[in-house]
Amino acid sequence: MCILTLAFFFNPWTPLLFFAGVVLLQLLFSQTNWKLWSLAMLPFLIGAFGYFWTTLVFGEPGDGLVLWTIGKLDITTQQWELAWSLSLRVLAFSSISLLFAFTTDPVRFIQSLMQQWKLSPKLAFSVLISYQFLPVLKTEFEQLQQAHRIRGPGSSPSAFKRITALRRLLIPLLAGAVRKAERAAFAMEARAFTGEARTHYTEVKLTRKDFVLFSLFSLVLSVSGSAVFWA
């Protein structure tokens, strides 16, 4: 809801206030590893700077007042505000995405979607299995790399050779993923999984904290959206 709402605002103040509000809520109510959060945020900061720079250089000047002239490049107020709006929007989207990633248990989240929003079990279990395969595939990829190093030359190859050698890793990795998917499908079929509605051993219920957090995020979104009236 927050991301869809922010997509309709093009002033720089709304995403800036929303980004600050999300970081403040995360600081007050979560136990986030801020060092890891900063590392995860770094690519988004680079992307935000890219949006800012390319909008200034390649964007339409518009009819606003010219702020600066750099060579043959005229930077107008409209161009300046649009550049800040796009770059801050990247930060706003990334902040709430990282908040979800760092504070949400994916298994309980999928269970809640099945129980509260009646999400299809086929889709829900497909997402869960795919999510659980990620660390397994990472481990197998590292094992394949180590096996190739043991059987390969002693000196480290060039960067180009390492890139071309990836196909020798990806093919067995893909074959192993297909075999694991087949075993998972057979295991689910053996347990009478048909995709129909099922009972749940663990019930995930909405609590007062959920409604409080929903109210807080609604407040942050409302305050951020009201910036368009006084900006």
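Proline 121 counts as buried, because its relative accessibility is 13%, where buried means under 20% relative accessible area, exposed means over 50%, and partly exposed lies in between (1.4 Å probe, protein chains only). This is a predicted model, in which local features need pLDDT of at least 70 and side-chain atom pairs count only at pLDDT 80 or more, while totals for chains, interfaces and linings use all residues. Residues are numbered from 1 along each chain as its sequence is written, and side-chain values use heavy atoms, with hydrogens and water left out.

Proline 121 lies in helix H6, a helix being a DSSP run (H or I, at least four residues) numbered from the N terminus. Leaving aside neighbours within four places in sequence, proline 121 is in contact (heavy atoms within 4.5 Å) with Met114, Phe193, Gly195, Glu196 and Ala197. Lysine 122, which also belongs to helix H6 (residues 121-151), touches Phe193, Thr194 and Gly195 when residues up to four places away in sequence are not counted. By contrast, proline 121 and leucine 56 are 65 residues apart in sequence and 47 Å apart in space, C-alpha to C-alpha.

Lysine 118 is found in the loop between helix H5 (106-116) and H6, and it counts as exposed because its relative accessibility is 66%. The phi angle of lysine 118 is near 55 degrees, which is a positive value in a residue other than glycine.

## Salt bridges

How many salt bridges does a search of the whole structure find? The search finds 2, a salt bridge being a side-chain nitrogen of Lys or Arg within 4 Å of a carboxyl oxygen of Asp or Glu. In one of them, glutamate 140 pairs with lysine 180, and the closest N and O atoms are 2.2 Å apart. Glutamate 140 lies in helix H6 and lysine 180 in helix H8 (residues 166-190), so this pair ties together parts that are 40 residues apart in sequence. Lysine 180 counts as buried, because its relative accessibility is 17%.

Lysine 205 forms a salt bridge with glutamate 203, with 3.9 Å between the closest N and O atoms, and both lysine 205 and glutamate 203 are exposed.

## Nonpolar cores

In soluble globular proteins, nonpolar side chains tend to be buried together. The largest nonpolar core here has 11 residues, including Cys2, Phe18, Ile96 and Val220; such a core is a set of buried Ala, Val, Leu, Ile, Met, Phe, Trp, Tyr and Cys residues joined through side-chain atoms within 4.5 Å. Helix H1 (2-6), H2, helix H4 (77-103) and helix H9 (208-225) each supply at least two residues of this core. Apart from this core lies another, of 8 residues, among them Phe19, Met41, Ala48 and Leu88.

Leucine 28 is found in helix H2 (residues 13-29) and is exposed, because its relative accessible area is 55%. Threonine 32 lies in the loop between H2 and helix H3 (34-58), and it counts as buried because its relative accessibility is 11%. Threonine 32 touches Gln26, Trp37, Phe102 and Thr103, not counting residues up to four places away in sequence.
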